[in-house]
Amino acid sequence: MDAAEFRKHGYQLIDWLADYWEGIESRPILPGVEPGDIRSRMPDRAPEQPELFADIMADLDRIVMPGITHWQSPGWFAFFPANSSPPAVLGELAAAGLGVQGMLWATSPACTEVESQVMDWLVDLMGLPQDWKTTGPGGGVIQGTASEATHLAVVIARHVKSRQVAADEMVAYTSAQAHSSVEKGARVAGIGHLRLVETDETQAMSPAALAHAVAADRAGGLMPAFVGSTVGTTGTTAVDPVRAIGEIARTEGMWHHVDAAFSGTAMICPEFRHYQDGLELVDSYVFNPHKWMFTNFDCSATYFADRRPLIDALSITPPYLRNQATEAGEVIDYRDWQVPLGRRFRALKLWFVLRSYGAEGIRAKVREDIRLARWLTERVEAHPSLDMVAPTTFSLVSFRHSGSDEETSRLAEGINASGWAYVTASVLDNRPFIRVSIGQTNTAARHVHRLWELIERLSKEHA
């Protein structure tokens, strides 16, 4: 494919994507296929001869689209969003075309310096501690996912404590409502013990329960090494008391990591920053622009208060990676800030998004999503057949049918059977509930109003 053909087919693909976005609202969100259906439409062997790009494009519709779950639909209220936007896609296209490998500053200086600057921008935009800028003792780096960042934080904690005890004598702590990545990270790092700490009536971690668990482990001869707190849990967006947990972590010498994967984007609005009070006591922090900040997956903003333990844990320099800039200590080499060696130019799409929407545009969207979530919450609270199961802290509404658990499950199934709306059914205190996550890039008031009309109708049917 020469440059002329690339231009021609590139325009065709952009047109195809634009048509897809314009018509996405009319598509059923969930694909109607069975396991193996998509693969059965493909030949058993790769082609020996080149194929026409027109045929490849045709197979996007024939093979791929029937098996796509439409995460970009404005009726997406499930899980948390995995958002995209036109500027993000164009940034991803530019990064793919440049095709750089940004493992070292020397392998492509722009890849490192754009990322460093954009991450420093976010420190100011999100009200994060100034020491977290790359110009200070800490710094930010883009990881693939919040789970990767959490795994990395646990590895660093193990590395720091390995000078004192073996990993099987270390303990990691997190809320019983925290993301499973903490448990997985403890496995990856070989941490010997994991404690799921009790929560209060809002599903937030109890500092008293944490202190009690730490004291019990110390009495048992174990070493507290890591504590993970959450600003916006996956289940209900509960917010752990970061300051109180941070004070315990400082006293006990534990690494303190904060997971704000979805809800962290809300901190671009100053009125929500009280939820992250105590960040100056935190060692590492992560939030995902790929959830609520218009930037397509994968783009997970990860920060460290002090980058020295990170680099000490991960830096290995074979002869083929040595270069003058690194040896002089003049640059950041992001390969020392992650587990893999290689890295893509992920900052480019985030840079495109921040410049295309501006902080004001992102704040406006976040505030509108939270307004719509509170609007929906008010209607659920007033409905005789529905009960809230947790406070609406940000833009996640968590409720159940006031009747039986079976009615809650049928209500969720009925919503998803509509085709145009999709919610997640989950479990809290051994009872099912429904999560409505409002945050998809294209979701507007009319979509939330339509969802409520559906919920109201189905609730009457199941009353």
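Is Lys 349 buried or exposed? Buried, because its relative accessible area is 1%. Keep that residue in mind. This is a predicted model, and I'll walk through its charges, then its rings, then one surface patch.

Salt bridges first. The structure holds 22 of them.

Start with Lys 349. Its side chain meets that of Asp 298 in a salt bridge, at 4.0 Å from N to O. This pair links distant parts of the chain. Asp 298 sits in the loop between helix 10 (289–292) and strand 8 (300–304). Lys 349 belongs to helix 13, residues 347–382. They are 51 residues apart. What about the cover on Asp 298? Its relative accessibility is 13%, so Asp 298 counts as buried. The cut-off for buried is under 20%. So both partners fall on the buried side, Asp 298 at 13% and Lys 349 at 1%.

Asp 405 lies in helix 14 (residues 405–417) and Arg 431 in strand 12 (residues 431–437), so the bridge ties together parts 26 residues apart in sequence. Asp 405 is partly exposed, at 25% relative accessibility. Arg 431 is partly exposed too, at 31%.

Salt bridges that share partners join Glu 92, Asp 298, Arg 344, Arg 346 and Lys 349. That is one network.

The N to O distance is 2.7 Å. Arg 243 is in helix 9 (residues 242–252). Glu 280 is in the loop between strand 6 (255–259) and strand 7 (284–287). The two residues are 37 apart in sequence, so this bridge also ties separate parts together. Arg 243 is partly exposed, with a relative accessible area of 28%. Glu 280 is partly exposed at 43%.

On to the rings. A search of the whole structure finds 16 aromatic pairs. Take Trp 71 and Trp 76. Their ring centres are 4.2 Å apart and their planes stand at 25 degrees, so the pair is stacked. The cut-off for stacked is under 30 degrees. Trp 71 also pairs with Phe 79. Here the centres are 5.9 Å apart and the planes at 15 degrees, so this pair is stacked as well.

Trp 71 is partly exposed at 31%. Phe 79 is partly exposed at 39%. Which residues complete the picture? Trp 71, Trp 76, Phe 79 and Tyr 422 form one aromatic cluster.

Next, charges over rings. Two cases. Arg 435 lies over the face of Phe 80, 4.9 Å from the ring centre. Arg 450 lies over the face of Trp 420, 3.9 Å from the ring centre.

Last stop, the surface. Which residues make the nonpolar patch of about 250 Å²? Ile 14, Leu 90 and Leu 93. Leu 93 is found in helix 4, residues 86–98. Leu 93 is partly exposed, with a relative accessible area of 47%. Patch residues need over 30%, so Leu 93 at 47% passes that cut-off.

To recap. Asp 298 and Lys 349 are joined with Glu 92, Arg 344 and Arg 346 in one salt-bridge network. Trp 71, Trp 76, Phe 79 and Tyr 422 make one aromatic cluster. Ile 14, Leu 90 and Leu 93 make a nonpolar surface patch. Thanks.

Methods: Residues are numbered from 1 along each chain as its sequence is written. This is a predicted model: local features need pLDDT of at least 70, side-chain atom pairs count only at pLDDT 80 or more; totals for chains, interfaces and linings use all residues. Side-chain values use heavy atoms; hydrogens and water are left out. Patches are made of residues with over 30% relative accessible area and no salt bridge: like charges are joined within 9 Å, nonpolar side chains (Val, Leu, Ile, Met, Phe, Trp, Tyr) within 5 Å. Accessible areas come from the Shrake-Rupley method with a 1.4 Å probe; for residues, only the protein chains shown count as cover. Helices (H or I, at least four residues) and strands (E, at least two) are DSSP runs, numbered from the N terminus. Buried means under 20% relative accessible area, exposed over 50%, partly exposed in between (1.4 Å probe, protein chains only). Rings of Phe, Tyr and Trp (its six-membered ring) pair if their centres lie within 6.5 Å; planes under 30 degrees apart count as stacked, over 60 as edge-to-face and the rest as tilted. A charge sits over a ring if NZ of Lys or CZ of Arg is within 6 Å of the ring centre and within 35 degrees of the ring normal.
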